[in-house]
Structures are given as structure tokens and as C-alpha cells.
Amino acid sequence: MSVVDKLPLVCFPHAGAGMLYYSKWKFAFGDGIDVQIARYPLREQRTTTPMPASLPLLARDIFTELVDSFRGTYAIWGHSMGSVIGYEVAKLCQERLGNPPLVFFSSGSAAPSDSRFKAVSELDTPEGLKQVLRDYGGLSEENLADRDFMSYFAPIIAADLRLLGGYEESAFEPLRCPVVLMQGRDDRVVTDGWQRYTEHRVESTEFDGGHFFVEERRPEMAALMESKIQLLWQRKAASAR
């Protein structure tokens, strides 16, 4: 893979996160990979953009924004809720462009059909939301007690989780590419359901940590993803000769 032939790796953040959280990933890969981070509403440059009514509608917005990246060879990676959004975008790439990802990476996520957030009612009160965030992980008690922090992030996280709470997989479609799972050894997420989402054998790798092992295992995860992308890129190039 040469510098000229940069392959887009489109990253889909987890609930509450955005480009800032994943910005360091741009420097975790070699020159052959171009990390592109999907932009969700309500944060960063899109603070005034309303959240679509459903997760598939959000996927359509992202597909439209990044469609040029999906026309050639590309890969998708989503963490937690981002895996479900990434799956819906990958389906659109298959349906509208006839061009599935080279590989689909999922970390910290059950299969889409098992990913619906079930505690939506808890989001209706400040204490309920705080308890959800404690269970969800990734935030310290200091974060939860910081009024400025919570006034900015709490509505974003709640909107994302409500979106995931209303998610229904209306049109199942397996991905026409390999699926590679990455999970934390201490995470409670069950990933058994992913096999039905691909015609290939699902590959899975465990890393030390819980649901947010991505914060501590960036080099190892990037090395795994880059190695897999390079292998599949080479196979694709060889088959095209």
C-alpha cells in the first residue's frame, strides 16, 4: 500500500463521542491509511444540527456526506454504538454503490440485532442518566459531578442513547466482507450474534480492559487493523491482475 493509494478507514464513534475523542487515531496508523471520523449531530462543528429521528436516518446522512470515500476501496470501524451505525452505512454502500467495505471492524459491540439500548426511561432524570453513565463506563465521578461538563455532554450522550434505544433492524442484510471483532476481556458485551452478519468466518481478538479498552490499547488495535487491511488489500490487488 503506497502513500498515493491511501485507504480510507472510516471511524464511527461511540455514544457521546466525536472527532475530538478519536483524533489521536489519525496518528496511530502508517501513511497508507487515512482515518476519517464520522461527524454526528449536536457536537463539535455540528452543535446546531438536530439529531435525525432514527439511527438509519443518521446513517443516511453520514453516507451522503462521506460517499466519495465509499466509492473506492475502504474499511469501516465502529466502537460500541458506532458499530451499529457503521453497519447501517455499510449496507447503504452495498445497496447504492454495490461496493462493500474491504473489511468491517467492530469493537465493544454486540451484533446490531442485540445492541438496542434498553434503559431509555432512565434517561429522563438527572440521577437516572448519571447511573446509566456509571454503568456505561468511560466517565469518572469527577466528570459526573462537574456541572459544566455534564451540561455539555449529558444531552449529547442522552440523545445518542435514545437513538440506539429506538433502533430496529428493519432490513437485515449480511455484509459482503470479513468482519473482525475486538473486545475487552472485562467487557460484558456478548458478541456471538455477529456471525450471521457475514459470509466469512468472524475473527475475534481480545484486549485487556473493559468496554473502553480503546483508550489504552490504541497501538495494539491499530496494528491489528492495519495488518488486516494490508493483507486484504494485497489479496484484492492480486485477484484483479
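Which residues form one aromatic cluster? The points below start from there, and it should be kept in mind throughout that this is a predicted model.

1. The aromatic cluster consists of Y21, Y22, W25, F29 and W77. In the model as a whole, the count of aromatic pairs comes to 13. One of them is formed by W25 and F29, whose rings are 6.4 Å apart centre to centre with 35 degrees between the planes, a tilted arrangement. Both partners are covered, since W25 has a relative accessible area of 2% and F29 one of 9%, and buried means under 20%. W25 also has a charged neighbour, as the charged end of R218 sits over its ring, 5.7 Å from the centre.

2. A further tilted pair is made by F104 and W194, with ring centres 5.8 Å apart and planes at 40 degrees. This pair links distant parts of the chain, because F104 belongs to strand β4 (residues 104–107) while W194 lies in the loop between β5 and β6, 90 residues apart. F104 is buried at 0% relative accessibility, and W194 is likewise buried, with a relative accessible area of 0%.

3. The loop between β5 (179–184) and β6 (203–207) also holds T198, which counts as buried at 6% relative accessibility. The side chain of T198 reaches the backbone nitrogen of H200 at 3.0 Å. Leaving aside neighbours within four places in sequence, T198 is in contact with P174, L175, C177, P178 and V179.

4. On the cysteines, the count of disulfides is zero. For C93, which is in no disulfide, the nearest cysteine sulfur is that of C177, 10 Å away. Seen from C177, the closest cysteine sulfur is in C93 at that distance of 10 Å, which is too far for a bond, because a disulfide requires the sulfur atoms to be within 2.5 Å. C93 is buried, at 0% relative accessibility, and C177 is buried too, with a relative accessible area of 1%.

5. Turning to the strands, β1 (residues 7–12) and β2 run parallel and are joined by five bridges, with L7 standing opposite I33 in β2. Strand β2 (residues 33–37) is mostly covered, given that four of its five residues are buried.

6. One more charge placed over a ring deserves a look: the charged end of R196 sits over the ring of F172, 4.0 Å from its centre.

Key
Residues are numbered from 1 along each chain as its sequence is written. This is a predicted model: local features need pLDDT of at least 70, side-chain atom pairs count only at pLDDT 80 or more; totals for chains, interfaces and linings use all residues. Side-chain values use heavy atoms; hydrogens and water are left out. Buried means under 20% relative accessible area, exposed over 50%, partly exposed in between (1.4 Å probe, protein chains only). Helices (H or I, at least four residues) and strands (E, at least two) are DSSP runs, numbered from the N terminus. A polar contact is a pair of N or O atoms within 3.5 Å; within protein, one must be able to donate a hydrogen and the other to accept it, and residues adjacent in sequence count only if both atoms are side-chain atoms. Contact means heavy atoms within 4.5 Å. Two strands pair if DSSP finds at least two bridges between them. Rings of Phe, Tyr and Trp (its six-membered ring) pair if their centres lie within 6.5 Å; planes under 30 degrees apart count as stacked, over 60 as edge-to-face and the rest as tilted. A charge sits over a ring if NZ of Lys or CZ of Arg is within 6 Å of the ring centre and within 35 degrees of the ring normal.
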